[in-house]
4 protein chains.
Amino acid sequence: MDFDSKDYFCFERRVQFSEADPMGVVHHAQYLHFFEEARIAWLMDRKLEGLHYPNSELVLGVLSTECQHLKPAFVFDELKVFLQVRRLRLKVEFRYVIFAPPYQEPVARGKSLHVMMNSGLKVVRPPKDLTRTLEKETWTEI
Amino acid sequence: MDFDSKDYFCFERRVQFSEADPMGVVHHAQYLHFFEEARIAWLMDRKLEGLHYPNSELVLGVLSTECQHLKPAFVFDELKVFLQVRRLRLKVEFRYVIFAPPYQEPVARGKSLHVMMNSGLKVVRPPKDLTRTLEKETWTEI
Amino acid sequence: MDFDSKDYFCFERRVQFSEADPMGVVHHAQYLHFFEEARIAWLMDRKLEGLHYPNSELVLGVLSTECQHLKPAFVFDELKVFLQVRRLRLKVEFRYVIFAPPYQEPVARGKSLHVMMNSGLKVVRPPKDLTRTLEKETWTEI
Amino acid sequence: MDFDSKDYFCFERRVQFSEADPMGVVHHAQYLHFFEEARIAWLMDRKLEGLHYPNSELVLGVLSTECQHLKPAFVFDELKVFLQVRRLRLKVEFRYVIFAPPYQEPVARGKSLHVMMNSGLKVVRPPKDLTRTLEKETWTEI
C-alpha cells in the first residue's frame, strides 16, 4: 500500500454512540469532524494554536472537502486519523487516511483545502510560523 | 390530558436520518435542538427576530434545560413541537410538548430557562417588544 | 451561469443557530447534512421513500462526498438546495448547488456518490422503481 | 463547595471548534453529548462495556436529562466531566459536574436517568455485573 504511518501525523479518537446512524455505522458527515479534530490536534502538536481562533482572530477557512468511504466504522471504534499537510501558495492542503480496528485497511480517505481568514472572513497570507512549519512537513507523492 | 393544542404555538419538523442513533430512535440530545428550533420559529412568528442575533447583538442565553422522554421517535417522523412561554422577571421560560405520528401521546416534554444576553455574554433586561409579546402569551397552569 | 433552476429539484431549509460556528458562518460539515436532507426530500417527492429505511431495509449508502465552499452562509438564511441525480450502473450520483439570500450566486456546490445497501451493508442492485425514476431525471451536461 | 473531585469518576475532553456557536461559547446541546461520553468512559473504566451495544444488544436508554449552565465554556477548553452514579431500583441515575479552565468553579451541572433496554426498546432488569458495580460507587449526599 502507498501508506507508511511514520510519514503522517496521527490523531486518535473514539467513535461515540451518537455518531453512528440507524445502520449502526458512523454517519458520513462525522468524517469531516474527524478531519477537523485532526487538523486542530496537528496545530497544537506543532505549537501553532496561538495563530488560530480563539487565541488569534485567524482561522483555517475551508475552501473544499472530499471524502471516500471504503469501509464502515462502528460505535466505540478507536479511530486513527493520519494526516499530511502542504502549502500551495496562499492555500493549505490537508490529506487524511482513517483506520479503524483491526487497522489493516483504511476506512476512509479525504482531503481539505484551506486559506487563512481573519474574523471579517477576508483571506490573509499564511503567517510565517505556519509557512515555516509547512516547509518541514512530509508530503508523500502518490 | 392536560394538553390543548390550541393554547400552544406549534412548530413542525421532520426527523432526519442522521438524527437517529443505532437503536433507530432519535438521539436524546437532538431534542434540545428541536426545542431551540421551535423557540426561533416562535420568535419569527411573533416578529421578534429583529431582537435576536444575527439581527441584533442579543441572544436568548440558556440557563437550564430539561427533557423527559416518554416514547421513542423515529426517522422521518413529522414531529409537532408545541411551545408555551412566559416571563419570570429577568428570565424567560419555555415549555415544550413533542408529538410524533400518530399524535396520540407526547413523545417528550421539556423546559428551558433563558435570559437575554449581549455579545459580551452580559445579562440584559428583556427588550420592550419581547415583554409586551410575553404578556399576551398563554401559559396553562398544570 | 451554467445553472437553470428549473432543471433541478429544489429543497428549502432554514439555517439554525447551532449550525453556525464561532465565525458566525455555517460550519462546513453541515453542508453534508443539507445534501442528505435534500436527497431525502427528493426521494419523498418522487414517492420513493418506501424503498428506503425505515420503510424498507435499504439505504442509499455513501461512497464519497465532495463540497466546494464559494461564499459563507449565515444563521437564519433560508437556503435553497438544488439537486440533480443520475444513475451510473450500480451507483447513483447526486449533484448539489446551494444558494443563500439574495440568491445571486451559489454559496456551495457538491456531489455525492451512492449505492443501495441492505441492512447487512451489502451492495444491492438499485430497485426498479428507483431506476425507472432515474431515467426521467434531468442531468445538465457542464 | 459541596464537591470533592476524588469522589467522582473524571472524564477529560477537549472542546472542538464546531461545538461552539456564533457567541463563541459551547452550544448548550453539546453538554448532553459530554454527559454521554462520560457515561461511556465510565462503563469502559468499570469494564462494563461488554454489557452495552455494540458488544451486547443492551443500551442505557435515556428517561430524562437536565442541565444547569453556570458559566460559558470556550473552544479548545480541556473540560473535566466529573460523574457519580447510583441505582434506583430498575433505574440508574447519573450526576455530572463539568469544569473548564481554570477549574475553579463548575461551568455546568446535570443529571440523567436511565433504564437498561434491549434492541426492541423494552426495559430489562439491570444486569448483575452492573448492579454489583453500582453498589460500590460513591454517591455524595448534598
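Predicted model: local features only at pLDDT ≥ 70, side-chain atom pairs only at ≥ 80, totals over all residues.
A salt bridge here is a side-chain nitrogen of Lys or Arg within 4 Å of a carboxyl oxygen of Asp or Glu, and by that rule the count between chain C and chain A is 0 salt bridges. Chain C and chain A bury about 2100 Å² between them, while the area buried between chain D and chain A is about 1700 Å².

**Chain C against chain A: symmetry**

- Chain C is superposed on chain A by a rotation of 180° with 0.0 Å of shift along its axis, and the RMSD of that superposition is 0.0 Å.
- The C-alpha of chain C that is nearest the axis belongs to E66(C), at 2.1 Å from it.
- The same surface serves both copies, since 100% of the contact residues of chain C recur in chain A.

**Chain C against chain A: the interface**

- The contact brings together 23 residues of chain C and 23 residues of chain A, and of the area buried between these two chains 67% is on carbon and sulfur atoms.
- Three residues, M23(C), H28(C) and L121(C), supply 28% of the area that chain C buries against chain A, which is more than any other three residues.
- Although the salt bridge count between chain C and chain A is 0, the rule for polar contacts finds 6 residue pairs across this interface, with both residues of each pair at pLDDT 80 or more.
- On the side of chain C that touches chain A, the elements giving two or more residues are helix 1 (30-45) and strand 2 (59-69) of chain C, and the largest share, 9 residues, comes from strand 2 of chain C.
- Sorted by class, that side of chain C has 13 nonpolar, 7 polar and 3 charged residues.

**Strand pairing between chain A and chain C**

- Strand 2 (residues 59-69) of chain A and strand 2 of chain C run antiparallel and are joined by 5 bridges.
- Within this pairing, E66(A) stands opposite E66(C) in strand 2 of chain C; E66(C) is also the residue whose C-alpha is nearest the axis in chain C.

**Chain D against chain A: symmetry**

- A rotation of 180° with 0.0 Å of shift along its axis also places chain D on chain A, with an RMSD of 0.0 Å, and that is the relation of a two-fold axis.
- In chain D the C-alpha nearest the axis is that of R13(D), which lies 5.4 Å from it.
- Here too the same surface serves both copies, with 100% of the contact residues of chain D recurring in chain A.

**Chain D against chain A: the interface**

- This contact takes 17 residues from chain D and 17 residues from chain A, and carbon and sulfur atoms give 69% of the area buried between the two chains.
- F17(D), Y53(D) and F76(D) together supply 31% of the area that chain D buries against chain A, more than any other three residues.
- The count between chain D and chain A is 0 salt bridges, and the rule for polar contacts finds 2 residue pairs across the interface, both residues being at pLDDT 80 or more.
- Helix 1 (residues 30-45) of chain D gives the largest share of the side of chain D that touches chain A, namely 6 residues.
- By class, the side of chain D that touches chain A has 9 nonpolar, 5 polar and 3 charged residues.

**Backbone details**

- In chain A, a cis peptide bond with omega of about 5° joins Y53(A) and P54(A), and P54(A) has its place in the loop between helix 1 (30-45) and strand 2 of chain A.
- In chain D, a cis peptide bond joins P101(D) and P102(D), again with omega of about 5°, and P102(D) is in the loop between strand 4 (91-99) and strand 5 (106-117) of chain D.
- F76(A) has a positive phi of about 75° although it is not a glycine, and the place of F76(A) is in the loop between strand 2 and strand 3 (78-88) of chain A.

Conventions. Residues numbered from 1 in each chain as written. Chains lettered and ligands numbered in written order. Heavy atoms only, no water. Least-squares fit on C-alpha atoms with pLDDT ≥ 70 in both. Contact = heavy atoms within 4.5 Å. Buried area = accessible area lost by both parts, 1.4 Å probe. Polar contact = N/O pair within 3.5 Å; in protein donor to acceptor, adjacent residues only side chain to side chain. Helix = DSSP H or I, 4+ residues; strand = E, 2+ residues; numbered from the N terminus. Nonpolar A, V, L, I, M, F, W, Y, C, P; charged D, E, K, R; others polar. Pairing = 2+ DSSP bridges.
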